Amino acid sequence: MGMATFTDDENQIRSEFKTLKSLFQKLRSLYFTDVPYYSVLSMGMSDDYPIAIEKGSNLIRVGSLIFGEREY
């Protein structure tokens, strides 16, 4: 699960997700080419999931959109 910095700067979030995808692809090509389950790129949460999908995520976490904000 990759997470971007908690910020409103969408360019920074895009850059971080792009870097995560690049690292994922590099690791997959070097070490996991024959591993079927190494095809899931999990990044993005309730506040930034549209950008994560745009940058290649195929698994997102949207708990607070479904269950609401946490109470502390």
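Biologist: Let's start with D9: is it buried, partly exposed or exposed?

Modeller: A word on the source: this is a predicted model with residues numbered from 1 along each chain as its sequence is written, and local features need pLDDT of at least 70, side-chain atom pairs count only at pLDDT 80 or more, while totals for chains, interfaces and linings use all residues. Side-chain values use heavy atoms, with hydrogens and water left out. Buried means under 20% relative accessible area, exposed means over 50%, and partly exposed is in between (1.4 Å probe, protein chains only). D9 has a relative accessible area of 36%, so D9 is partly exposed.

Biologist: Which residues form the negative surface patch?

Modeller: Asp and Glu count as negative, Lys and Arg as positive, while His and the chain ends are not counted. A patch is made of residues with over 30% relative accessible area and no salt bridge, joining like charges within 9 Å, or nonpolar side chains (Val, Leu, Ile, Met, Phe, Trp, Tyr) within 5 Å. The place of a charge is taken as NZ of Lys, CZ of Arg, CG of Asp or CD of Glu. The negative patch is formed by D8, D9, D47 and E69.

Biologist: And how much accessible area does the nonpolar patch have together?

Modeller: One of its members, M45, lies in the loop between α1 (10-31) and α2 (49-54). M45 is partly exposed because its relative accessible area is 35%. Accessible areas come from the Shrake-Rupley method with a 1.4 Å probe, and for residues only the protein chains shown count as cover. Together, M1, M3 and M45 have an accessible area of about 310 Å².

Biologist: Which residues does D48 contact, leaving aside its neighbours within four places in sequence?

Modeller: D48 lies in the loop between α1 and α2, and it counts as buried because its relative accessibility is 10%. D48 and D8 are 40 residues apart in sequence and 9.3 Å apart in space, C-alpha to C-alpha. Contact means heavy atoms within 4.5 Å. With those neighbours set aside, D48 is in contact with A4, I13 and F17.

Biologist: Why are E10 and R14 separated by about one helical turn?

Modeller: Side chains of opposite charge can pair when their charged atoms come close. A salt bridge is a side-chain nitrogen of Lys or Arg within 4 Å of a carboxyl oxygen of Asp or Glu. E10 and R14 form one, with their closest N and O atoms 3.5 Å apart. They are separated by about one helical turn because they are 4 residues apart in helix α1.

Biologist: Which residues are linked in a network of salt bridges?

Modeller: R14 also forms a salt bridge with E54, where the closest N and O atoms are 2.7 Å apart. That pair links distant parts of the chain, with R14 in helix α1 and E54 in helix α2, 40 residues apart. A search of the whole structure finds 2 salt bridges. The residues linked in the network are E10, R14 and E54.

Terms used: Helices (H or I, at least four residues) and strands (E, at least two) are DSSP runs, numbered from the N terminus.
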